[in-house]
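This report describes one protein chain, starting with a term and then going from the whole chain to single residues. Keep the sequence and the 3D view open while reading.

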Amino acid sequence: MFLFIQHELSYDKFNVNAKNIYRITSIFAEGKEKKELAVTPPPWAPLMKKDYPGIREYVRLLKSEKTIVGRPDEQHFYEKDILFADSTFFNVFSIGLERGDVKKALELPNSIILTREAAQKYFGNEDPIGKILEINSFGRTLNAQVTAITNKIPDASHFKFSSIVSLQSLGDLSNMWSFHMMQSYVLLHDNVSVKDMEKKLGGFTNKYIVNNPQADGKVNISLQPLLDIHLHSAMVGEIGVNSDIVYVYVFAGVAIFILLIACFNFTNLSTARSLSRAKEVGLRKVVGAGKGQLLKQFLGESAFFAMISLVFAVIIAFLILPVFNQLSDRQLNIDFSRNYPLIIMLVLLILFVGLLAGLYPAVILSSFKPVQVLKGKLFKTRKNVSFGKILVTLQFVVSIVLIASTILVNQQLKFLQNKKLGFDKDNVVVLTLPRDSDSAKLETFKTSLTSNSGIRSVGASSSVPGPIIPVNLVNDGSVDLSKAQSMQMLFIDNDFISTMNMKLLAGRNFSRDHPTDRTEGFILNEEAVKNMGWSSAAEAIGKTFQWVQPNEVIKSGKVTGVVQDFNITPLKSAIQPLVMHINPLRFQYLYVRFDQSKADHIISTIEKTFNKFYAKQSFEYSFLDDTLAMLYKSEKKLGIIFSYFSFLAILIACLGILGLSLYSTQQRIKEIGIRKVIGASVARITILLIKEFVQPIFIATIIAVPIVWYGMNKWLEDFAYRVSIGWWVFAISGTVALLIALFTISFQAIKAAIANPVKSLRTE
């Protein structure tokens, strides 16, 4: 856990000037709704650098989610992590070059920098410097020359890349005021106050945005520290998937609690063992040993056990680290030669555990009175048992919290996977289309696919379900384009809605029988109808609808249909207003619905047909249900990690209750003997011994309920669609803990109950 937390807190710290690097962000107000944007229009950063001397340097990054790359006249591949960047990239970020000049690598248009892995992929053992790669991205084809090879980018970076292309390759972007598309970073001078700089940015808004007809309205601009991005940022347009500081707190808390209950166990077991060491202590005191000497001895023993445990813990950590890396999507490693904080933490841990776990038993043992001990009259009080019960109760609080949390995480995950989305996700293969695919060729390809008896229908779209769906401005035909509103936008063909089995509520689907659908047709979802102010789906049919920019109308037409709301973004967010219309140039994915009974050979059939039409293009596909499941990958892994922690916590808690039952039965051994002599049965004595351990678990359940209720409600708040927390979750958690505890202590109780009373009473 220390390695994980250390890694999470180290993001972007490899940059020499990390404390002076900030990302330009903004809050865009649209009616009552406010959107936090991690992306900016292209002109912002250069103009800020020009106007404000406090800014030492800037760099803009533009991520291409789907780029086709390959050597001319050879097979091309899809790349998901290509960045377009200013030539100042290396002035801001501390990423070095293995080969090439940082000052010239991105200086010219059509320049590309590769990672070592990308160079090996496209050029093998050839020298890549000076070679040409054909890049198809953002609607254009570039012939880019390889100018450098980068060093490996650190794992703890909030952005990743396989290649970096010169941003100048995309031409003049200085007038694109309404396109929030760039990750823009500024490097401030050492003596510049970020608060003062943010105040000045209000003047930037007034100067360049408020009265600019090409801009998209007034925004509040702020500067986000680079070191806050990974754990504290979940804005629209993030360049990568960020983590959350909550997970760091959760894992740190769980690790600390498990360590504490392990310490409590040691305390209980050591206290139980004090019975067997009582006479040893008495004799030592008789021969002159003082309380301080005994305290030092017992604390030393505790620290020694902690050191031995540490050796085993390190061995186990080495063994399970690959599994943890797979679950957490991290590349953690244990390197004592470089990770000095880890060594310091382990040394402090030995001292802490040795003191915490050993202090109470040491005090108890060193306080024994030799006369009473040697007479066998030591254990007349049950205060030690009461203290042990408190420790066991705390252990089971942690265990029940983890069990209940695991149940709720898995319940929420199951709910997400089974919720009706408004379309049929099963038996659909999604193909990635070449960006330069012309519409006539695509239609022929679709016809060829549907001629196969195993394929039911085929439809094209610009997007796949995911967290980022393009948003554009639309209005109801108003002349005042500044009053447009934002909506998610999908570009689809005539067959997409029927292929996805979406439900039409009013109007009709796009049809080849209506040629004007291609140039004038729009289909909305229910949420879009509400946002436009129309009372029903039927009222929306035939209404004027436009796709606009702040200063121009891009497409104007009529609403031809309204579909039932469907979830194309993860269920963490509510359904957004969405508009669909036809634009073949934007098609990127082909949805192929197949017959389940002929699924065995469907991929090979599709691939053969694909290769006939797109021979130079690599064949890439995914199943739609798998794509949707991947949206909740982090939640699934969280559930698995909680399951492991729950098992570990229960195991440790059972050891604690075993120690307490051992201690308790040893104290009551003569009482048990007397009960047996006067006729008590084995079953009655067993129930008597078990009964006293049921109460701590009931108390633990009562304490755990509000903790789980609060914590899991906070976690579930991230989901627009979520399960409710039912009473049965706590009932199951408490019952599981109780059954495991009863199973653990029953052996000790039965052993004590069947013991021969003569042995325990012969000294009386």
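## A term and the model

The model shown here is predicted.

## The chain as a whole

The protein chain has 24 helices and 24 strands. Its C-alpha trace spans about 105 × 60 × 55 Å along the principal axes. Of contacts between residues at least 6 apart in sequence, 78% join residues at least 24 apart.

## Two residues with positive phi

Most residues other than glycine have a negative phi. Asp73 is not a glycine, yet its phi is positive, at about 65 degrees. Asp73 sits in the loop between strand S4 (67-70) and strand S5 (77-79). Asp73 counts as exposed because its relative accessibility is 72%, and the cut-off for exposed is over 50%.

Asn110 is also not a glycine and has a positive phi, of about 60 degrees. The loop that holds Asn110 runs between strand S7 (97-99) and strand S8 (111-114). With 29% relative accessibility, Asn110 counts as partly exposed.

## A nonpolar patch

Which residues make the nonpolar surface patch of about 900 Å²? The patch is made by Phe304, Phe305, Ile308, Val311, Phe312, Ile315, Ile316, Leu319 and Ile320.

One of these residues, Phe305, is found in helix H8, which covers residues 291-328. Phe305 has a relative accessible area of 42%, so it is partly exposed.

## A buried aspartate

Is Asp517 buried or exposed? Asp517 counts as buried because its relative accessibility is 2%, and the cut-off for buried is under 20%. Asp517 lies in helix H14 (residues 517-520).

Leaving aside residues up to four places away in sequence, Asp517 touches Arg508, Asn509, Phe510, Ser511, Thr560 and Ile582. Lys50 is 467 residues from Asp517 along the chain, and the C-alpha atoms of the two are separated by 47 Å.

Notes. Residues are numbered from 1 along each chain as its sequence is written. This is a predicted model: local features need pLDDT of at least 70, side-chain atom pairs count only at pLDDT 80 or more; totals for chains, interfaces and linings use all residues. Side-chain values use heavy atoms; hydrogens and water are left out. Helices (H or I, at least four residues) and strands (E, at least two) are DSSP runs, numbered from the N terminus. Contact means heavy atoms within 4.5 Å. Buried means under 20% relative accessible area, exposed over 50%, partly exposed in between (1.4 Å probe, protein chains only). Patches are made of residues with over 30% relative accessible area and no salt bridge: like charges are joined within 9 Å, nonpolar side chains (Val, Leu, Ile, Met, Phe, Trp, Tyr) within 5 Å. Accessible areas come from the Shrake-Rupley method with a 1.4 Å probe; for residues, only the protein chains shown count as cover. A salt bridge is a side-chain nitrogen of Lys or Arg within 4 Å of a carboxyl oxygen of Asp or Glu.
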